[in-house]
Amino acid sequence: MLRLTGAVLVWVGCVAWGLRAAAERRSQQRLLEELVSSLEIMERELTLNQRALPELMRQLSARATTQSAQLFQSCADSMETGGSFVKAWDSSVAQLPLSREDSALLLSLGQVLGRYEDRGQGEAVSHIRRGLESRLALVRQQTLASARVYTALGTAAGGFLALILI
Amino acid sequence: MDSFRQAVSILPERLRELALALDPGEMVGVEEIRLRAGRMPALTCPDGEVPMMGANPVTTQEIELLVQNASRWSLHTVLDQLRQGYMTTRGGHRLGLCGTAVMEGGQVRTIREITSANLRIAREKRGCASKIALHIKGKNSVANTLIIAPPGAGKTTLLRDLIRQLSDCRLRVAVADERGELSAMWQGAPQLDLGQSTDVLAGCPKAVAIEQLLRGMNPQVIAVDEITAGEDVRAIEQAVGCGVSLLATAHAREVEDLKRRPLYRELLSEGIFRYLVMIERRSGRREARVVPAEELGC
């Protein structure tokens, strides 16, 4: 009985690991999706409304549901307290669970926002958004494939270990 | 002192700490904070410019950070002002800038490599225009008045208090506040008190603003700061022709300075202004003197 319980626990643990790994991939995809849509709003607000950066960051933070909310919020807080936007942007981007390529794209935006005329900033945001969109397309494909693999791997590995234990 | 603290809040940390370490008595007297790359930061006080003691020279990075802070990291929102060499910050303080101008089509597009900054602290001096208000105010009207003084002598402060006093006497005053220095508009709300019955059109060229105010707000008095262009003069003539009283300021040490400039010669020769107010510095104190334009041959 004890062995059976242990085997079931091992199997459940492995399935959970597989599901968690798949969920992580999906949450990374959601984060990228939200960043892309935030950049779309950013581009519009900068070019059409000439929105000031602190207000823009608060606006984006309020509508965000992933870790990007924290990115925009900490930038807004830093600017309101007289801190550097670039430093806040860099350190907040570094904390996001993104690949090196995605982070590099976002980091380059910190050097542009608030420093040039609205049109120039809009063009830069648009360029970076397009870069993230192509990364997102890749991540979507990978997520679809890897989510299945992780789930199947977790289930199979758990079953295999459980069999050995029994 | 609060104005001082508010103004220096946009300075980079090192300079802000230096400024806040000043004696409270000194803070009250500071009119401007001057930063020049590679030079010691300096304060402009009533007696002139004095270097800030114990400070290291200002770096270009610090000036760049100051500009970013002043624009709230949103240069795109202040480019129109930057093209004219200044930007208005929260509280109505004015940051004047010098550097290398980037030209486009014969006009300044922006300023890069900023090497000098002058942070002028806006202060309300309630009651400083009481005597002048008594002089120029009739029963239901105000005599057209031009305030003249050299830059930094307090024309805007005096005009602001004059507007407030006339407005609190139930006169409808409309302010064409192109540079935002009179009202210090910040996110839609004036930071400085311009009175109960004052309407402000900020950020709009004076000539256009006067026309719009005349059309839309039915003012009894129109106030403008620093007449500088021919279009301003024509808009003023139009306003006066509509029976609206006018309050304005101009850079000049004395009337003769004005007469030497074609723009003002034209304005004075038409006899638009009934009174001229001259701000003079006597033994370290500023005094405003009202003189009928006739006495000065205007």
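Tutor: In this predicted model, the rule finds 3 salt bridges across the interface of chain B and chain A. One salt bridge joins Arg115(A) to Glu64(B), with the closest N and O atoms 2.7 Å apart. On the side of chain B that touches chain A, helix 4 (residues 60–70) of chain B supplies the largest share, 3 residues. By class, that side of chain B has 3 nonpolar, 6 polar and 3 charged residues.

As for extent, 12 residues of chain B are in contact with 21 residues of chain A. The size of an interface is often given as the accessible area lost when the parts come together. Here chain B and chain A bury about 1,300 Å² between them, and 44% of this area lies on carbon and sulfur atoms. Within chain B, the residues that lose the most area to chain A are Arg72(B), Trp73(B) and His76(B), which together account for 54% of what that side buries.

Turning to the sheet of chain B, 6 strands form an open sheet in the order 3-2-1-6-5-4, with antiparallel pairing. Its edge strands are strand 3 (48–51) and strand 4 (86–88) of chain B, each pairing on one side only. Neighbouring strands of this sheet are turned by 35° against each other on average, direction ignored. Strand 1 (residues 32–36) and strand 6 (residues 107–120) of chain B pair in the antiparallel sense over 5 bridges. In strand 6 of chain B, Arg120(B) is the bridge partner of Glu32(B).

Key. Residues numbered from 1 in each chain as written. Chains lettered and ligands numbered in written order. Predicted model: local features only at pLDDT ≥ 70, side-chain atom pairs only at ≥ 80, totals over all residues. Heavy atoms only, no water. Pairing = 2+ DSSP bridges. Helix = DSSP H or I, 4+ residues; strand = E, 2+ residues; numbered from the N terminus. Axes fitted to C-alpha atoms, helices over the stretch in contact; angles between N-to-C directions. Contact = heavy atoms within 4.5 Å. Buried area = accessible area lost by both parts, 1.4 Å probe. Salt bridge = Lys/Arg side-chain N within 4 Å of Asp/Glu carboxyl O. Nonpolar A, V, L, I, M, F, W, Y, C, P; charged D, E, K, R; others polar.
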